Each structure stands twice: as C-alpha cells, then as structure tokens.
Amino acid sequence: MNGLPKVQSLNVDQLAINPREPSLGTQNAILTGTNKNYYVPDYEGCLSIKTIVSGSASWETAGRRFVVHENSYLILNDRQRYTMTIDAARPVTTFCLFFQRGFVEDVFRSTVTPDSTLLDVPESPTLSQPGFWEKLETRENRVLDLIQLMRERILQGAMTRQVLEEDFHAIAAEMIREHHQVEAIVARLPAQKASTKLELYRRLLRGRDYLLSSLDQPIQLNEIARAACLSPSHFHRSFTKVFGETPQRYLTRHRLQRAGRLLRQKHLGVTEVCLESGFESLGSFSSLFRRHFGLSPREFRRAHSK
C-alpha cells in the first residue's frame, strides 16, 4: 500500500483524477474510491478537503479524531500528518480534493493584498499560508455544495481541465471567505484577551467536532463538554452564543438532515435510518422528522423517489 486509495483512474480528458501519489501537491487533483475497509497510516499530505459521498470515514491527527459523514467535510492543512480509516458494513465512497502547493496561497494573497501591490508584484516568491482551522464543517457554507456540483459534472462527462481548474478556484475562494468569517466570530467573543478568545473557540470546535462525529450514536452534553475541556454550563452557554443554537438543537438538526439524506438513498429501512442517525426511539424520530420536514420519514422517501 502506498498510502492512497487504489481505485480505477478515471482519466477524463487528462484530468487529475486518482493520479499517482507523487503528483499530489504538484497539481490540483481528486482522489475518489469506494471501499468497505481501508487504512492509511501516518500519511503527510498537501492541503486537502475530505468529503464522503455515502457512509462515513475517520481522519485522525495528533490528538484529534474527525468522523466525516455525507453532510460534512474536513480541511487538513499542508504537511499535516494523518491516519485515515474506513471500517464499515456497507461500501463507503470518498471524494477528496488535493490542492497544488501555492494555489490556495495565491488566491489568499489576492484577497488580502492591495491591488497596487498586486500590480507591482504579480507573483510573490513567498506566499503566506492561510492556516485553516482544521475542523468539521457542514452545508452551512457553500464549500460542500460546490464540491458536489464538481462531482456531478464529472459523472455527467461535462468536465474539462479548464472547468476543473475554475471549480478548484471557486472552492479555494469559498474556503478563504469562510476562514475570514471565523476570524470575525473569534473577534466577537466576550473575552478581553485575544489569546483567551482563540482558546475558547478552539475548545468549542473540539466539542462541535465530537458532536458532528457522533451523529450515529447517542451522546450527552457532559460527554461533549468533556471533549471540549469545558464545564457543561460553560460549554452550553458559549456554544449557544457562537453557533446560534443550543448543542442539543444543533445535534438534533444535523441528525435529521443526515436522516433525510439517508432516506433519499433508499437502501436503508426507516428503522435503520433512525438508528444510523443516532435516535434510539422510532416514535420520537418520526415525530421530530415530521416537525422538521413536514412529512413522515416514509412520506419523505416517497416524495423523493419520483
């Protein structure tokens, strides 16, 4: 094993889809594949985005574990070492973007540098890295939607190298826009010291990552707060202030969104969807689902099978 999924290369119009490992970081590329069991130990990659088409997979860095589901994605920075694991009863399909070194840095430079400087120095010999927060994110920003559109174009045979590069540029720009939004959120935290604000936000993210990694299993507020290294009360209050809803409401909403996506795939029964979305009672799941979507799970499936 060379540390990367061994799946059939698509070679669409010479696109960099499932290229050989040495080319990662030297061009914008996509790795996609389907496996029930796969393991990549201690791999050092370039800047990348990890997404899942169906199922879930985990990525571990030093002291962190992220479980990526269909409705979430993970950014890992350049030179970050990680271990990736797929261990599932049903096939898991991954769709991961790897950026050419310097590509996102150049997009970042163009957003933070005055036009006069860009005119005088079109190409900088040293490019600053944005230093993205390594955290799970959801469809609440446009990155995942843009990646889904990219994949659809590839599957439809409507992708060219030029369009692929435009898609990578649009995704990079959205990553940077979201990165700037996070900086604004941190600045608004009530703590006086900048270092305290950063540490509080970092701990809240650890709790939210734990929450988003546990959509398929029951968890309690105490467990989430413990993962964040905060007291339950402090975590609940700070999480609600930063993310606009209580941890329980946030968890329930994302579980229901995952349930909706699983129901569209049609290969799971309603009871299986209930359990895989972390609900213990079919009755409470059906009630919450109807309240959220306006349809029962079975009605939702029928409505989306046409």
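Let's start with strand β3, residues 57–61, which is mostly covered: 4 of its 5 residues are buried. Here, buried means under 20% relative accessible area, exposed means over 50%, and partly exposed is in between (1.4 Å probe, protein chains only). Strands (E, at least two residues) and helices (H or I, at least four) are DSSP runs, numbered from the N terminus. Keep in mind that this is a predicted model: local features need pLDDT of at least 70, side-chain atom pairs count only at pLDDT 80 or more, and totals for chains, interfaces and linings use all residues. Residues are numbered from 1 along each chain as its sequence is written, and side-chain values use heavy atoms, with hydrogens and water left out.

Which strands pair with β3? One is β4 (residues 64–68), in the antiparallel sense over 5 bridges, and another is β6 (residues 81–98), also antiparallel, over 3 bridges. Two strands count as paired if DSSP finds at least two bridges between them. On the β4 side, Ser-58 stands opposite Val-67; on the β6 side, Trp-59 has Met-84 as its bridge partner. β3 and β4 form a hairpin with 2 residues between them, and Gly-63 in the turn has a positive phi of about 80°.

## Two helix pairs

Two packed helices are described by the angle between their axes and the distance between the axes. The axes are lines fitted to C-alpha atoms, for helices over the stretch in contact, and angles run from 0 to 180 degrees between N-to-C directions. Angles under 35 degrees count as roughly parallel, over 145 as roughly antiparallel, 65 to 115 as roughly perpendicular, and the rest as oblique.

Take α5 (residues 194–212) and α7 (residues 232–243): they pack at about 95°, with axes 10 Å apart. That makes α5 roughly perpendicular to α7. Contact means heavy atoms within 4.5 Å, and the residues making it include Leu-204 and Arg-208 of α5 and Phe-235 and Phe-239 of α7. By class, this contact has 8 nonpolar, 3 polar and 1 charged residues. (Nonpolar covers Ala, Val, Leu, Ile, Met, Phe, Trp, Tyr, Cys and Pro; charged covers Asp, Glu, Lys and Arg; the others, Gly among them, are polar.)

Now look at α3 (residues 143–155) and α4 (residues 161–187), which pack at about 170° with axes 9 Å apart. The two are therefore roughly antiparallel to each other. Among the residues in contact are Leu-146 and Met-150 of α3 and Phe-168 and Ile-171 of α4. This contact has 10 nonpolar, no polar and 3 charged residues.

How many disulfides does the structure hold? It holds 0, counting a disulfide as a pair of cysteine sulfur atoms within 2.5 Å. The sulfur of Cys-96 is 11 Å from the closest cysteine sulfur, in Cys-46, so that is too far for a bond. Cys-96 counts as buried, at 6% relative accessibility, whereas Cys-229 counts as exposed, at 52%.

## Two buried residues

Ser-54 sits in strand β2 (residues 48–54) and is buried, with a relative accessible area of 18%. Leaving out residues up to four places away in sequence, Ser-54 touches Glu-70, Pro-91, Val-92, Thr-93 and Gln-265.
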